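Subject: Structure handover

Hello,

Please find the structure below, followed by notes on what was found in it.

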Amino acid sequence: MLVESLFAIGIAVTAATIVAASMPVANAGRARADMQNRATGLAQKELEGLKSVDPSLNPSTLVQAGLLDSDVPIGTNTYSFTNADNASLDNPAKVLPSGKGSVKIEQIDLELRRVTVEVTWKESGKSRATKVGTLVANLGG
């Protein structure tokens with residue numbers, strides 16, 4: 001009976017050690033997934049805001065609505081954004097470590113534009129990014 005009790009205790013200790021050793025890996029994976037979800041949420045919110053405010057995607061109008069920081073591009077047809085809806089809670093730099101947002105607006109056809117929203121951040125010294133995009137038709141003229 002003593003041997004069986006010692007054997008059961010040994011199995012319990014081994015199982016507890018395995019569970020304890022796997023916790024840091026699980027926590028790191030959860031944190032990575034949380035940051036990815038935050039970035040994707042910010043990008044989707046920005047994209048929906050852009051489409052709803054101005055289907056023509058005029059940078060000046062989008063700046064007035066608070067969806068772009070400036071109508072001066074930071075790259076080819078690319079503009080930065082700080083707040084997805086003028087709320088500091090939707091600021092990529094406040095939601096993600098070293099977070100930044102950019103919007104690329106490309107003319108595909110006469111009344112068709114491709115919009116790509118990218119959110120970047122730093123995680124464990126590595127740059128991470130997520131992108132969402134869509135086509136927007138301005139049929140209203």
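**Salt bridges and sheet**

Lysine 51 is partly exposed, with a relative accessible area of 27%; partly exposed lies between buried, under 20% relative accessible area, and exposed, over 50% (1.4 Å probe, protein chains only).

Before the rest, some notes on the source. This is a predicted model, in which local features need pLDDT of at least 70 and side-chain atom pairs count only at pLDDT 80 or more, while totals for chains, interfaces and linings use all residues. Residues are numbered from 1 along each chain as its sequence is written, and side-chain values use heavy atoms, with hydrogens and water left out.

Lysine 51 forms a salt bridge with glutamate 48, at 3.3 Å from N to O. The term stands for a side-chain nitrogen of Lys or Arg within 4 Å of a carboxyl oxygen of Asp or Glu. Glutamate 48 is partly exposed too, at a relative accessible area of 46%. Both residues belong to helix α1 and sit three residues apart, about one turn of the helix. Helices (H or I, at least four residues) and strands (E, at least two) are DSSP runs, numbered from the N terminus.

The count of salt bridges comes to three. Another one joins aspartate 34 and arginine 38, whose closest N and O atoms are 3.2 Å apart. These two are four residues apart in helix α1, so about one helical turn separates them. Aspartate 34 is partly exposed at 31% relative accessible area, and arginine 38 is partly exposed at 40%.

Glutamate 106 and arginine 114 also form a salt bridge, with 3.4 Å between the closest N and O atoms. Glutamate 106 has a relative accessible area of 21% and is partly exposed; arginine 114 is partly exposed at 36%.

Now the sheet. Four strands make an open sheet in the order β1-β2-β3-β4, with antiparallel pairing; two strands pair if DSSP finds at least two bridges between them. β1 (78-81) and β4 (126-137) are the edge strands, each with a single partner, so one side of each has no neighbour in the sheet. On average, neighbouring strands are turned by 25 degrees against each other, direction ignored. Axes here are lines fitted to C-alpha atoms, for helices over the stretch in contact, and angles run from 0 to 180 degrees between N-to-C directions.

β1 pairs with β2 (residues 100-109) in the antiparallel sense over four bridges. Threonine 78 has lysine 104 in β2 as its bridge partner.

Helix α1 (residues 2-53) lies across β1, β2, β3 (112-123) and β4, and runs at about 150 degrees to β3. Contact means heavy atoms within 4.5 Å.

Regards
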